[in-house]
Amino acid sequence: SRSFQPPCVYYCPRANTVYYCPRANITFPVIRGFHPGDRAGFFETVKQVAATEVPAPKASPFRFEFSAEAADHNTTILERYDFDLAKVIDDSPG
């Protein structure tokens with residue numbers, strides 16, 4: 001198994017490779033791909049996906065409502081990260 005932290009995981013089915021972020025802390029099993037028309041391979045992949053345990057998403061730090069309070073709150077969050085939305089997302093897995 002490998003570690004990852006969303007959104008730093010990418011699966012390339014053609015290369016059958018999982019690219020992941022090494023600073024992660026969540027176990028992620030490698031799920032094999034299948035070729036079109038391979039019914040047994042498809043079924044095996046579905047079983048692997050269904051059996052994979054994933055963490056429950058955490059609440060977003062942002063407020064999704066149309067109000068002055070939500071705008072102020074969201075601005076404060078962004079200010080903490082120098083208005084870099086990618087940093088907020090990376091720091092808020094789930």
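This passage describes the fold, surface and selected side-chain contacts of the structure shown above.

The structure is a predicted model, in which local features need pLDDT of at least 70 and side-chain atom pairs count only at pLDDT 80 or more, while totals for chains, interfaces and linings use all residues. Residues are numbered from 1 along each chain as its sequence is written, and side-chain values use heavy atoms, with hydrogens and water left out.

The secondary structure of the protein consists of 3 helices and 4 strands, where helices (H or I, at least four residues) and strands (E, at least two) are DSSP runs numbered from the N terminus. Read from the N terminus, the order of elements is β-β-β-β-α-α-α. The protein has 94 residues, of which 18% count as buried; here buried means under 20% relative accessible area, exposed over 50% and partly exposed in between, with a 1.4 Å probe and protein chains only. Accessible areas come from the Shrake-Rupley method with a 1.4 Å probe, and for residues only the protein chains shown count as cover. Among contacts (heavy atoms within 4.5 Å) with a separation of 6 or more, 23% are between residues 24 or more positions apart.

Turning to the aromatic side chains, a search of the whole structure finds 1 aromatic pair. Phe34 and Phe42 form this pair in an edge-to-face arrangement, with 5.2 Å from centre to centre and 80° between the planes. For reference, rings of Phe, Tyr and Trp (its six-membered ring) pair if their centres lie within 6.5 Å, and planes under 30 degrees apart count as stacked, over 60 as edge-to-face and the rest as tilted. Phe34 is partly exposed at 38% relative accessibility, and Phe42, a residue of helix α1, is partly exposed at 44%. Together with Val46, Phe34 and Phe42 also make a nonpolar surface patch of about 260 Å². Patches are made of residues with over 30% relative accessible area and no salt bridge, with like charges joined within 9 Å and nonpolar side chains (Val, Leu, Ile, Met, Phe, Trp, Tyr) within 5 Å.

Helix α1 (residues 39-51) also holds Lys47 and Glu44, which are 3 residues apart and therefore separated by about one helical turn. Their side chains meet in a salt bridge at 3.5 Å, N to O, and the count of salt bridges comes to 1. The term refers to a side-chain nitrogen of Lys or Arg within 4 Å of a carboxyl oxygen of Asp or Glu. Lys47 is partly exposed with a relative accessible area of 41%, and Glu44 is partly exposed with 29%.

Thr52 lies in the loop between α1 and α2 (68-80) and is buried, with a relative accessible area of 19%. The side chain of Thr52 reaches the backbone oxygen of Gln48 at 2.6 Å. In the loop between α2 and α3 (85-90) sits Asp82, a residue other than glycine whose phi is positive, near 55°. Asp82 is exposed, with a relative accessible area of 63%. Phe83 is placed in the loop between α2 and α3 and has a positive phi of about 60° although it is not a glycine. The relative accessible area of Phe83 is 54%, and the residue counts as exposed.

How values were computed. Polar contact = N/O pair within 3.5 Å; in protein donor to acceptor, adjacent residues only side chain to side chain.
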